[in-house]
Amino acid sequence: MDERKLLGKFIIKGTIKVLTGLHIGGKDLGISIGGMDNPIVRNPINGEPYVPGSSLKGKMRALMERALNKKLELVERKNKIRRHECKDPDCKICRVYGASKEENIPSRLIVRDAFLTEESIKKLENMETDTRYAEWKTENSLDRITCAAVPRPIERVPAGAEFGFELIYTNENEKHCIEDLNLIKQALELVEDDYLGGGGSRGNGKVKFEIKEIIYKPVEYYISGDPSKIVRKELKKDEKFDEIIKEMLNGK
């Protein structure tokens, strides 16, 4: 593989709005000691729920693999995990999300953990919910013969909560940059029309992404430390994403 160039970094910031209860599983505390058997993942320091970057990135990748009709292979035999990985440095999936099976292709995309906004923290603290910052939803598994319902409670972040997200894309190839960033935006749109977390087919995990700001830091900024090299844009509803990226690459 050729040497990797660093041309700059795009930082995409925005919010994830939870439209239906969101369940991204955390550590099972055990019913026997009064815990929830399907808890959400939480920050161990303050107990606040968050969206792990690995969960969002994995969902984005999986949906784009399907959209681009990529061949899936067994990459982890023990856990029986299948995904697309190849050794083509021009592969639209592997160059953005990375690959390590045949040849190491480092990911150009970093997905940070997404934490609750300050406004959402205040709202959830004032809500009368079953557990701090969250709610319990009881789902039933129905016996097909006796019609007996077996209740199963899960913990969810309530609808209306918002998380601040941050994506960082490393610009390594001028020919790929605009296409890659458009693919990332398309992946977010696919997640919106699918679901995030668990239980999506049962109503959980409908989300909405709102990109609020795009920052481009060219390599000249990192070398010189000159803040005038940084380009910032607030994304408006009527603006085209790819045109904004072109302007930012030209220093506008």
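Guide: Start at histidine 176, in helix α4. Helices here are DSSP runs of H or I with at least four residues, strands are runs of E with at least two, and both are numbered from the N terminus. This is a predicted model, where local features need pLDDT of at least 70, side-chain atom pairs count only at pLDDT 80 or more, and totals for chains, interfaces and linings use all residues. Residues are numbered from 1 along each chain as its sequence is written, and side-chain values use heavy atoms, with hydrogens and water left out.

Histidine 176 has 9% relative accessibility, so it counts as buried. The classes are buried under 20% relative accessible area, exposed over 50% and partly exposed in between, using a 1.4 Å probe and protein chains only. Leave aside residues up to four places away in sequence, and histidine 176 touches Pro89, Asp90, Arg95, Arg108 and Tyr169. Contact means heavy atoms within 4.5 Å.

Two of these neighbours also make polar contacts. The side chain of histidine 176 meets the side chain of aspartate 90 at 3.2 Å. It meets the side chain of arginine 108 at 3.2 Å as well. A polar contact is a pair of N or O atoms within 3.5 Å; within protein, one must be able to donate a hydrogen and the other to accept it, and residues adjacent in sequence count only if both atoms are side-chain atoms.

Now follow the charges. Side chains of opposite charge can pair when their charged atoms come close. Arg108 belongs to a network of salt bridges that links Arg4, Lys92, Arg95, Arg108, Glu172, Glu179 and Asp180. A salt bridge puts a side-chain nitrogen of Lys or Arg within 4 Å of a carboxyl oxygen of Asp or Glu. The structure holds 19 of them.

Glutamate 172 bridges to arginine 4, with the closest N and O atoms 2.5 Å apart. Glutamate 172 sits in the loop between β9 (162-171) and α4, while arginine 4 sits in the segment before β1 (8-18), so the pair ties together parts 168 residues apart in sequence. Glutamate 172 is buried, at 12% relative accessible area. Arginine 4 is partly exposed, at 45%.

Another salt bridge joins glutamate 166 and lysine 13 (4.0 Å, N to O). Glutamate 166 is in strand β9 and lysine 13 in strand β1, 153 residues apart, and the pair links distant parts of the chain. Glutamate 166 is partly exposed at 23% relative accessible area. Lysine 13 is also partly exposed, at 32% relative accessibility.

Back to the helix itself. Helix α4 (residues 174-192) packs against helix α1 (residues 53-67) at about 100°, with the axes 9 Å apart. Axes are lines fitted to C-alpha atoms, for helices over the stretch in contact, and angles run from 0 to 180 degrees between N-to-C directions. The two helices are therefore roughly perpendicular.

From α1 come Lys59, Met60, Leu63, Met64 and Ala67; α4 brings Leu183, Ile184, Gln186, Ala187, Leu188, Leu190 and Val191. These residues divide into 10 nonpolar, 1 polar and 1 charged. Nonpolar covers Ala, Val, Leu, Ile, Met, Phe, Trp, Tyr, Cys and Pro; charged covers Asp, Glu, Lys and Arg; the others, Gly among them, are polar.

Conventions: Parallel < 35°, antiparallel > 145°, perpendicular 65-115°, else oblique.
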